[in-house]
Amino acid sequence: MSENAAGKRGARARAARYRSRERAKDFLCVAPALAFFLAFVYYPVVELFRIGFTNWNLIKDKYDYVGFKNWKWLFQGSGCEKLLASLRITFTYTFWEILITLAGGILLAALFNRESRAFSAMRSVLFMPRYIAISTSAIVFMWILNDQYGILNYVLKLFGAAPLAWLNSEKTALASVLVLTGWRVVGYGMMIYLSAMKGISPEYYEAAKIDGAGPFQRFRYITLPLLSPTTLFLFVTTFIASMKVFQSVDVMTGGGPYQSTNVTVFWIYELAFVDFRVDRAAVVSCLFFVILLASTAATMRISSKNVHYES
Amino acid sequence: MSEANQGANARARRARAVGALLQYAAAAAVTLVAVFPIYWMIISSLKSSEELLRPVPTLWPAAFNWRNYPDALKMAPFGRYFLNTIVMTGGILSLQLLAGCFAAYGFAKGSFRGRDSLFVLVLGALMIPIQITFVPIYCMVAKLHWINTFAGLIVPQAVSAYMIFMLRQSFKAVDDSFLEAARLEGMGRVGIIFKILAPMCKPTLMTVGIISFIDHWNAYFWPKMVTTTPLRRTIAQGVYELKRSYAGLETMNQNQIMAGAVMAVLPIIILFALLQKYLLSGFSKAASK
């Protein structure tokens, strides 16, 4: 009897040991990934704040802690003006990229919403630019936008318009970068909208037709509202992606002319690897991170109130 | 009455045909504009320098100057760039898939304490791009003497939070009875992940794998930070480097630069043509979340 109880207890203990071993093995499955995120995502964020309080210059080995000196430079010193300028350029760029993705995407989705081989092939052509390296397509667009020999200025002249300096003028440089961006993103917006439009039940359209709604009314009062979750998705993902713009600026303008395309990430890069002021780069990165998080949270909150979910 | 009806029908049919025609014409016009940069890249890569700089551009080269291709290859080590890109992308992709499958299993089917709160660390990593943290990561990598090495190119990208997120979603959808049956047959975790879950989630694996492959093949930001010499540069930087190698004479050598661009984008265009259905399904999945 007592022997039996001891055996049972032993069995239970063995089972418990087995279970905890299994749990440990399950944890081991996620451990490498977690260790990676701690080392290459979270630790660098902590480092960023720490470096911001030093006077670290990349070409020197030693550095000291200098308190809020870099933060003062950013908010009160010569950094402030550059910060505001770079944020203004970044937000302007982001505004246009979002507008092109959403408005261009939905217009093209309405135009390309037809089932046939030809349309499917044309959709692929519009979708493909997104998968070509930005740096390479930037080089192609620089040739198209060349102010002397570029085909775009030739076309402008054909139509009697004055040729533009494109990348060589501070007035048009950001717009030139956006020409490339538009080419890259508009097909993506279209594809996302098209796949969402497939999910709208045709009954809505039939009911509206019976009520005498024309194609534009149907688009305005059925398609658009039912696509609002897709619009929110596109808005937030495009916002996050376009705030990080770097490649096209680095290749096409190098932040110029006269800093007219000096977006924030490019500025951070120049602070760290051209001026070697890692300390200043760190405080700008910190602030930019906070701005990115706060504005993402704000857009999600504002737009979630205006989104219609199909029940 | 019936005649009038027929007339109305015919008119409606005609209106629909005109509408369809207009739609075709407008869509074709948009497509032509979209494809033009690719066309112009290829055409320019085949022109002679003299033809390239004519005041009236030609839409078709007078003579095909294939020499631009070997000439471009002489200016920049494209073979090296391609090799580097293949090794880097292959390394990143295999590590990401390996770590991703294990982590997705742990977060979807594992039973350790704090599983869901630890998953927040993965979601948080989605919100912190390397464009924010590259300065400290660069300093770490420099301290490890990884500048201009494959380790420097690969390791900081070796785990993808996005991939873990997508695979976890997909693994979760697999019914536990499959796993229990496999366990009864004495299958361990590794077997369950790679013989049961991975084959059942093949579409998701394909999609996230292809997206990650293209992303890293085209990656520019981090490879630029971590390479300072042509030794480990990748193809996304290659065309830019080619252009810079003409220092001041870019315009008259645009044909060779465009030849370099054609060589750089050709693999991706072929890949896109073959695999775009996976990209599309990935997007409709992501957009419906």
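Colleague: What percentage of the 311 residues in chain A is buried?

Modeller: This is a predicted model, where local features need pLDDT of at least 70 and side-chain atom pairs count only at pLDDT 80 or more, while totals for chains, interfaces and linings use all residues. Residues are numbered from 1 along each chain as its sequence is written, chains are lettered from A and ligands numbered from 1 in the order written, and side-chain values use heavy atoms, leaving out hydrogens and water. Buried means under 20% relative accessible area, exposed over 50%, partly exposed in between (1.4 Å probe, protein chains only). On that scale, the buried share of chain A is 49%.

Colleague: Which residues have the most contacts inside the largest nonpolar core?

Modeller: A nonpolar core is a set of buried Ala, Val, Leu, Ile, Met, Phe, Trp, Tyr and Cys residues joined through side-chain atoms within 4.5 Å. The largest one has 153 residues, and its largest share, 13 residues, comes from helix 7 (residues 173-197) of chain A. Beyond four places in sequence, F134(B) is in contact (heavy atoms within 4.5 Å) with residues including I268(A), F273(A) and W222(B). The two with the most contacts inside the core are F37(A) and F134(B).

Colleague: How many residues apart in sequence are the parts that K109(B) and D176(B) tie together?

Modeller: The two side chains meet in a salt bridge (a side-chain nitrogen of Lys or Arg within 4 Å of a carboxyl oxygen of Asp or Glu), at 3.0 Å, N to O. K109(B) lies in helix 4 (residues 78-109) of chain B and D176(B) in helix 9 (residues 176-184) of chain B, so the pair ties together parts whose separation in sequence is 67 residues.

Colleague: And in the salt bridge between D71(B) and K74(B), which helix holds both residues?

Modeller: Their N to O distance is 3.4 Å. D71(B) is buried at 13% relative accessibility, whereas K74(B) is exposed at 67%. The two are three residues apart, about one turn, and both lie in helix 3 (residues 68-75) of chain B.

Technical notes:
Helices (H or I, at least four residues) and strands (E, at least two) are DSSP runs, numbered from the N terminus.
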